Amino acid sequence: MIPIPEHCPIGPTNPYGRTKSTIELIITDHIEAQRTNAKKAGKPFEQWNGALLRYFNPAGSHPSGIMGEDPLGVPFNLLPLLGQVATGQREKLFVFGDGKEITSAHKPIRLRTPDYSSRDGTAIRDYIHVVDLANGHLAALNHLREKRPGVRAWNLGSGRGCTVFQMINAFSKVVGHPLKYEVVGRRAGDVLDLTANPARANEELGWKTELTLEDACEDLWRWVSNNPRGYRQDPPEALIKAVKEGKK
C-alpha cells in the first residue's frame, strides 16, 4: 500500500521494524489496560491516551546551525552519512541496491548498477525535516489533551517519495561539488518504497510538513560544516553571533 496509510497491515522485515512494532503493542496494551482498570473501578479513564507517531525519514538540523545530529560510530541514516562524506570524515557513501555487475567497455573496472524498480534504480524514502517532525509531536500532544482518543497512530511524513540518488544530488548541490559514492549489494530487509500517506495527521492534527528537501540539505550542511565534530567542539563564534542577531 503505497503511499502507506496507518491501517496498512504491519509486517516488519528487519529487527529495527520489529522493535518499533513491539513498542507500539506495549504502548497500546498499557493504555488500554489502564483505561479498562479505571472503568472497572468506577474512576475516570479518559486521561489515559497514547500517540503512535510513525516517523518516516527524519532529515536536516535546526536552521540555526547550533543543534544537529552527532552520531557516535557509523550513522544509519543517509543524510548524516552524506554529511560525513562532505566534511571528509568518510571517503564515500555506500548506496545499497545492486543486482548485477556490468563490465564497462571504456574503463578497466567493473561497475555496479542499482536495480530497484524506481526511476533511477535506488530505493525510495519519505524524508521529513526534523523541525516539521518536532511540530508533529506538539500537534499530537495537543490532540491527546483535547480529544482524549485513547491510542491513535499517525504518520509523520511528507507524502513525497525521494530516491537515494535524488538526495545525493540535492545535498551535493548545497555543498557545491559532487559527493563520492559506490553502489554495493542490498541490505537484508530493505524494501523498495517507504512513502507515507499523511492524510490522517493532516486532517486530525491540523499538521503537515512545511519544509522542503532542499531546506533539510541546507540546514544539515550548516550544522556539519560549522560543527564537523558535533558537540565535541564549541560552535564558531561567528555562528553564535549570527544566531543572537537573528540571522541564519
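## Terms and model

A residue is called buried when its relative accessible area is under 20%, and exposed when that area is over 50%. The structure described here is a predicted model.

Helix 3 covers residues 130-147. At 1.5 Å a residue, its 18 residues should span 26 Å, and the end C-alpha atoms lie 25 Å apart, which agrees.

Which residues of helix 3 are buried? They are Asp-132, Leu-133, Gly-136, Ala-139, Ala-140, His-143 and Leu-144. Viewed down the helix axis, these buried residues fall within an arc of 135°, so they line one face of helix 3. In general, an α-helix has 3.6 residues a turn, so residues three or four places apart point the same way. The face turned away from the buried side carries the exposed residues Leu-138, Arg-145 and Glu-146.

## Surroundings of helix 3

The buried residues of helix 3 pack against several elements: strand 1 (50-55), strand 2 (57-59), strand 6 (127-129), strand 7 (151-156) and helix 5 (199-205). Arg-148 follows helix 3 and has a positive phi, near 50°.

## Ser-118 in its loop

Ser-118 is located in the loop between strand 4 (110-114) and strand 5 (124-125). Is Ser-118 buried or exposed? Its relative accessibility is 17%; because the cut-off for buried is under 20%, Ser-118 counts as buried.

A polar atom of the Ser-118 side chain lies 2.6 Å from the backbone oxygen of Thr-122. Leaving aside residues up to four places away in sequence, Ser-118 touches Ile-124, Thr-163 and Leu-192.

Definitions and conventions: Residues numbered from 1 in each chain as written. Predicted model: local features only at pLDDT ≥ 70, side-chain atom pairs only at ≥ 80, totals over all residues. Heavy atoms only, no water. Helix = DSSP H or I, 4+ residues; strand = E, 2+ residues; numbered from the N terminus. Expected span 1.5 Å × (residues − 1). Buried < 20%, exposed > 50% of the residue type's maximum accessible area, 1.4 Å probe, protein only. Arc of directions from axis to C-beta. Contact = heavy atoms within 4.5 Å. Polar contact = N/O pair within 3.5 Å; in protein donor to acceptor, adjacent residues only side chain to side chain.
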